[in-house]
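Q: Please take a close look at a single strand of this model. I would like to know how it is placed and what surrounds it.

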Amino acid sequence: MVTFGVDIGGTTTRAAIVDRNLKVQNFKACPTRDLSSIDKLIDWLSEFPEQAFRLNSAKDKPFSSTIGVAIAGIINKSKSEVVRSVHLPFLEGEPIRESLTAALHIPVHLVTDAQATTWGEYIALRDRPTGFAHLRFGTGVACGVIVNNSFVEPARKANQHANILIADASGEGRICKCGLRGCLETVASGSALQRAASAIGCQDLENLEISALREDAGAVAVIDSTASAIAGVAMRLADAYSVNTISIGGGVIHAMPQLAKRIELACNAMQGDGSSCFPKIVRSNLGDHAGVIGAAILAGEETEAA
Ligand SMILES: [Zn+2]
């Protein structure tokens, strides 16, 4: 089966045709700010080869009869619209599934970017663990958990981040855009790290990474405290859901290998600290393609199950 996948992120929107072996074709990316309405999104998608949206028929058998669309936000129970997206406010309340289905003449399977990237990274593993979590650090922070091949949704109130994603429960953490205080997003998202980098005179995350490599004390302190916040959340996820593999990815991890390394070290240190779980920390296998691949494969599986 070949399926079309779209991943609408806070900063970048990506789309591609994805085959069963997770190979992508016709991959394209565009700044999300240039697609700030459903109509602009449809125009951009319409530039893909017509085959991407072709309905399954005897003639075009390998093509899925559904396309997968992942969105950085919270979607409603019937998977038809976005109820909350701090990074994509133009999509809130829009009947996105209906609009895309009507414009592209093919049913749309809507998922969150957390589900899409988590499923993508999960199916890309050679040995799939019984308990798996993916933490993704980009414009925001996304988290997905899979137990026994099915998604588990960590508890959360209404449209807020899940409680398990609170990195600073002291009551003194920064207020997150979701309304909670101390969310992992307030310390480990791209913008949070950019703020921390600027405060010590680093221009951007690449600069922060270079400074940390040079053992600059300020940069090392920023990276260590971020790694420790991420490791704390990772270990709580492992304990709560018997997760044995935690994958970390996203633009922040890609830009900062030092951070990834220190997350691994921090998790290892915590494992010797009375934790009952010993999760393996792995880095993203699919990089920027994770959301597109996960969205497409989830849509393909939906088609096959129907
Ligand atoms: Zn939050």
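**Strand 11 and its neighbours**

A: In this predicted model, strand 8 (residues 131-137) runs parallel to strand 11, and the two are joined over five bridges. Within this pairing, Arg 136 lies opposite Gly 249 of strand 11.

Strand 12 (residues 280-283) also pairs with strand 11 in the parallel sense, over four bridges. Here Thr 245 faces Lys 280 of strand 12, and Ile 248 is set opposite Arg 283 of strand 12.

These pairings belong to an open sheet of five strands, ordered 10-9-8-11-12, with mixed pairing. The edges are taken by strand 10 (150-152) and strand 12; each has a single partner strand, so one side of each lacks a neighbour in the sheet. From one strand to the next, the twist averages 25°.

Two helices pack on this sheet. Helix 7 (residues 217-241) touches strand 8, strand 9 (141-147), strand 10 and strand 11, and its direction makes about 155° with that of strand 8. Helix 9 (residues 257-271) touches strand 11 and strand 12, with its direction at about 170° to that of strand 12.

As for burial, both faces of strand 11 are covered. Thr 245, Ser 247 and Gly 249 are buried on one side, and Ile 246 and Ile 248 are buried on the other. Buried here means under 20% relative accessible area.

Methods:
Residues numbered from 1 in each chain as written. Predicted model: local features only at pLDDT ≥ 70, side-chain atom pairs only at ≥ 80, totals over all residues. Heavy atoms only, no water. Buried < 20%, exposed > 50% of the residue type's maximum accessible area, 1.4 Å probe, protein only. Pairing = 2+ DSSP bridges. Axes fitted to C-alpha atoms, helices over the stretch in contact; angles between N-to-C directions. Contact = heavy atoms within 4.5 Å.
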